[in-house]
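Subject: Structure for you to look at

Hello,

Here is the structure I said I would pass on. Please open it first and then read the notes below it.

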Amino acid sequence: MDKPSLQRTKESLGFIAQKQAQELTMASSGIGVDIELIEDINIENDTFIERNFTIREQEYCRSRPNPHASFAGKWCAKEAIIKAISSLNLDFAKVWTKGDAAPLDEIEINIANSGAPEVALYGDAKDACAKAGVSSIKVSISHIDDFAIATAITS
């Protein structure tokens, strides 16, 4: 598939995933979905990796059979978490105030004993959750072929 076709597919899948997730969540939940072309996550850029992934995340991703897909999946999870935090209570003032280019290393995606992704928050990300009233974050990550996707639910 050419790049414009992949982009249209990405947008369509993201829209469908967001709608399905909204239907599955209760009113007292926040929801976030992110989908990315794996090739758009530049894992050759050390500055990007260091700004957005903790040492533990970097070690994990590099140990996987497809490190590029692993980094892309974790990136999607972080983006989905920001959206889920921000959508938990629509009456609150904006809680994620760091901006679009902010580093995301204060959101860490680990692997729980069950094998599921587990979220750890630090610094401003932890503060944003407290302001939004978040007590729980669940995340699901998947990647296949050209795409990585993640869904996050906050309560």
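How many of the five residues of strand E2 (residues 107-111) are buried? Four of the five are, and E2 is thus mostly covered. Buried means a relative accessible area under 20%, exposed means over 50%, and partly exposed is in between (1.4 Å probe, protein chains only).

Before the rest, some notes on the source. This is a predicted model, in which local features need pLDDT of at least 70 and side-chain atom pairs count only at pLDDT 80 or more, while totals for chains, interfaces and linings use all residues. Residues are numbered from 1 along each chain as its sequence is written, and side-chain values use heavy atoms, with hydrogens and water left out.

The strand and its partner

E2 pairs with strand E3 (residues 117-121) in the antiparallel sense, over five bridges. Two strands pair if DSSP finds at least two bridges between them.

The whole protein

There are five helices and five strands. Helices (H or I, at least four residues) and strands (E, at least two) are DSSP runs, numbered from the N terminus. The order from the N terminus on is α-β-α-α-α-β-β-α-β-β. The radius of gyration is 15 Å, close to the 15 Å that the globule rule gives for 155 residues, so the protein is as compact as a globular protein of that length. That radius is taken over C-alpha atoms, and the globule rule is 2.2 Å times the number of residues to the power 0.38. The C-alpha trace spans about 40 × 35 × 35 Å along its principal axes. Of the 155 residues, 43% count as buried.

Lys83 lies in helix H4 (residues 67-87). Is Lys83 buried or partly exposed? Lys83 is partly exposed, with a relative accessible area of 34%. Leaving aside neighbours within four places in sequence, Lys83 is in contact (heavy atoms within 4.5 Å) with Ile31, Gly32, Val33 and Asp34. Val95 is twelve residues from Lys83 in sequence, and the two are 10 Å apart in space, C-alpha to C-alpha.

Regards
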